[in-house]
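I opened my notebook to write down what I looked up, entry by entry. Here is the structure I had on screen.

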Amino acid sequence: MTPLREIAHARSGDKGSGANVGVIAYTPAGYELLRRLLTPAVVETYFKPMGVGVVRRYEMANLGALNFILPGVLGGASGRSLRIDAQGKALGQALLELELDVSADELKRCAGSGG
Amino acid sequence: MTKGILRIGNAQGFWGDRGDAPATLAAQQPDLDYLTLDYLAEVSMSILAAQKQRDPTAGFTRDFVESLRALALLWAQRRAGGHPLRVVTNAGGMNPRGCAEACAAVLRDAGCKGLRIGVVSGDDVLPILRERGGAFANLDNGRQLGRDLPLDALVTAHAYIGAAPIVEALAAGADLVVTGRVADPSLTVGPCVHHFGWSVEDFDRVAGATVAGHLIECGTQVTGGISTDWLNIPGTENLGYPVVEVSADGGCVVTKPASTGGRVDERTVKEQLVYEIGDPGAYLSPDATVSLLSIKLGGDGRDRVRVTGAKGSPPPPGYKVSATFRNGFRASGTLTIFGRDAVAKAKRCADVVRARLHSAGGEPEQWLDECLGANAAAPVGRQNHSEMMETVLRITVADRRREVVERFTRELMPLVTSGPQGITGYAEGRPRVHEVYGYWPCLIDRKLVTPRVECIEV
């Protein structure tokens with residue numbers, strides 16, 4: 001299993017009462033892989049312990065990026081979240097730990113240079 | 001003659017950003033044409049409203065006036081040198097006129113006579129919401145104002161107005177434009193429309209400027225701040241604030257001053273492009289509906305990224321309104337638990353506090369205990385914290401009744417002597433009780449909102 005962070009970088013923040021996470025592939029092959037494996041259902045299951053609602057995914061082929069909308073993920077649907085991360089700043093880092101089933105061969109074409 | 005490239009910097013991403021950044025960026029980038037400074041987050045207005053209630057001359061971000069003191073000398077030099085710098089900021093908050101007058105006093109002291117300050121107001125729509133409550137459904141949850149929230153609970157209501165009044169102020173010769181609530185990217189769109197003489201209905205160009213504004217509105221977030229790769233970003237103690245070089249076609253190059261820390265590359269720009277967006281095919285601003293799906297990025301040398309191809313269409317018919325309302329009280333306190341079974345002990349501590357509140361007259365309406373260090377910020381993925389030797393227990397409560405929250409603040413610290421061995425980290429004393437402001441986003445018909453522009457001379 002390969003953590004998402006080897007294939008993509010990310011950024012998250014609050015969006016209304018929920019949050020968004022932008023996931024950006026390091027390579028074009030990585031983007032195609034993410035389109036296939038990082039489905040809204042996978043992301044929704046991953047964030048279920050935080051009470052997320054129905055996850056929406058937008059494709060941004062021009063940036064090699066996927067944008068996920070995570071409604072209700074901040075907790076406190078009515079009023080402001082009591083959580084330490086009331087603004088959803090940590091969600092990108094959390095999602096990058098998601099493990100994906102990627103073959104060694106695929107990983108070679110998708111891995112980032114490490115900055 | 002219209003210059004081919006307009007250089008716009010941002011040296012304030014939020015209220016609390018570095019106070020010396022405006023003067024520093026202006027000094028580092030002598031060819032800068034505009035400096036934009038963004039102070040207002042969603043609930044900032046409720047803090048400013050409370051200040052204005054105590055003192056009618058307050059209600060704007062004093063931090064800006066302090067920053068202006070440091071900027072003034074340089075500003076005078078720039079004017080004398082024939083390359084004037086103009087500043088556009090939403091520091092006016094609840095009281096743009098009061099902010100402008102405070103700025104004028106500072107500038108006069110600094111010998112900057114002859115400057116003109118444009119004041120943009122008209123964003124305050126609280127009377128309209130109070131009068132027509134039912135028309136303003138909450139965009140997040142569909143609740144009705146008046147029915148689900150009493151009208152007198154509203155504290156502030158401000159429309160995110162667009163670039164047009166900023167353009168008007170600049171056309172009137174303003175060197176400094178002070179606004180209340182405007183959409184963040186409009187602080188950048190205004191100078192572009194004014195400088196290049198675009199029609200406000202030239203939506204592709206306006207979209208390009210909106211993207212430029214979106215990229216710089218959070219300051220150092222596009223130059224390496226909060227990057228996934230942050231640990232490898234050079235010079236994080238001296239991150240450069242961003243500059244966009246906007247072209248007449250609305251495209252731009254994102255960069256930062258030479259000799260500053262940080263990095264501008266496709267990765268930092270992409271991360272900020274996706275920051276706090278919804279549908280990338282329809283990024284909504286009062287100036288245009290922007291598609292981010294046609295944007296192209298290209299390298300343009302070290303720490304320079306070219307951003308082109310944004311597509312624009314007419315903006316939504318209504319302005320977005322950010323309203324806030326009184327929503328009770330809250331308090332949050334922490335204790336550090338060190339030792340074997342730290343998380344189990346922390347959880348037991350939370351149970352103790354809760355049980356004591358229960359027997360003392362009732363638990364708060366909202367309660368959250370978190371064990372920091374044990375994935376509290378995002379409790380997903382593998383969870384096994386039994387081996388942890390240390391955690392910070394954070395308990396946060398909220399209630400409409402102040403006394404219930406106050407009771408909590410008195411029940412936490414007794415754990416220092418009655419809790420587990422190794423409990424520590426209580427030097428800050430009892431938690432403080434804060435007023436809570438709820439957020440009520442809604443839409444308002446543009447026809448009901450009249451942005452106003454006035455000028456005052458320094």
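**Entry 1: domains of chain B.** I needed one term before anything else: domain bounds come from an automatic or database domain assignment. I also noted that this is a predicted model. For chain B the assignment gives domain 1 (5-123 + 160-316) and domain 2 (327-438). I looked up how far apart they sit. The centres of domain 1 of chain B and domain 2 of chain B, taken over C-alpha atoms, are 40 Å apart.

**Entry 2: chain B as a whole.** I counted elements next. Chain B has 12 helices and 19 strands. Its C-alpha trace spans about 75 × 55 × 50 Å along the principal axes. I then checked the radius of gyration. A compact globule of 458 residues would have one near 23 Å, and chain B has 24 Å, which agrees. Of the 458 residues, 52% count as buried. I looked at contacts between residues at least 6 apart in sequence, and in chain B 76% of them join residues at least 24 apart.

**Entry 3: chain A as a whole.** I repeated the steps here. Chain A has 4 helices and 6 strands. Along the sequence they follow the pattern β-β-β-α-α-β-β-α-β-α. The radius of gyration is 14 Å, close to the 13 Å that the globule rule gives for 115 residues, so chain A is as compact as a globular protein of that length. The C-alpha atoms fill a box of roughly 45 × 25 × 25 Å along the principal axes. Buried residues make up 49% of the 115 residues. For contacts between residues at least 6 apart in sequence, 60% in chain A join residues at least 24 apart.

**Entry 4: where the chains touch.** How many residues of chain B are in contact with chain A? I found 39 residues of chain B in contact with 33 residues of chain A. On the chain B side, the elements that give two or more residues are α9 (266-273), β15 (366-372), β16 (390-399) and β18. I sorted the residues on that side of chain B by type: 20 are nonpolar, 9 polar and 10 charged.

**Entry 5: the nonpolar core.** The largest nonpolar core has 169 residues. Those with the most contacts inside it are V23(A), L70(A), L215(B), V244(B) and V254(B). Domain 1 and domain 2 of chain B both give residues to this core, so it lies between them. Not counting residues up to four places away in sequence, V23(A) touches A8(A), A10(A), L34(A), L38(A), A65(A), L66(A), F68(A) and L95(A).

**Entry 6: helix α6 of chain B.** I wanted its hidden side. The buried residues of α6 (residues 164-171) are P165(B), I166(B), V167(B), A169(B) and L170(B). What covers them includes β3 (86-89), β4 (116-121), β6 (176-179), α7 (186-196) and β19 (452-457) of chain B. After α6(B) comes G173(B), whose phi is positive, near 90°.

Entry 7: W440(B) lies in strand β18 (residues 434-445) of chain B. Is W440(B) buried or exposed? W440(B) has 27 C-beta neighbours inside 10 Å, so it counts as buried; the cut-off is 20 or more. Leaving aside neighbours within four places in sequence, W440(B) is in contact with N138(B), L149(B), A323(B), T324(B) and F325(B). K347(B) is in helix α10 (residues 342-359) of chain B. K347(B) is partly exposed, with 17 other C-beta atoms within 10 Å.

**Entry 8: strand pairs in chain B.** I began with β5 (residues 154-159). It is mostly covered, with 6 of its 6 residues buried. 5 bridges join β5(B) to β14 (residues 318-338), and the two run antiparallel. H158(B) stands opposite S322(B) in β14(B).

Then I turned to an open sheet of 3 strands, in the order β9-β10-β13 (chain B), with antiparallel pairing. β9 (283-284) and β13 (311-313) stand at the edges with a single partner strand each, so one side of each is left without a neighbour in the sheet. 2 bridges join β9(B) to β10 (residues 289-291). In β10(B), T289(B) is the bridge partner of L284(B).

Technical notes. Residues numbered from 1 in each chain as written. Chains lettered and ligands numbered in written order. Predicted model: local features only at pLDDT ≥ 70, side-chain atom pairs only at ≥ 80, totals over all residues. Rg over C-alpha atoms; globule rule 2.2 N^0.38 Å. Buried ≥ 20, exposed ≤ 12 C-beta atoms within 10 Å, placed from the backbone. Contact = placed C-beta atoms within 7 Å. Core = buried A, V, L, I, M, F, W, Y, C linked by C-beta atoms within 7 Å. Nonpolar A, V, L, I, M, F, W, Y, C, P; charged D, E, K, R; others polar. Pairing = 2+ DSSP bridges.
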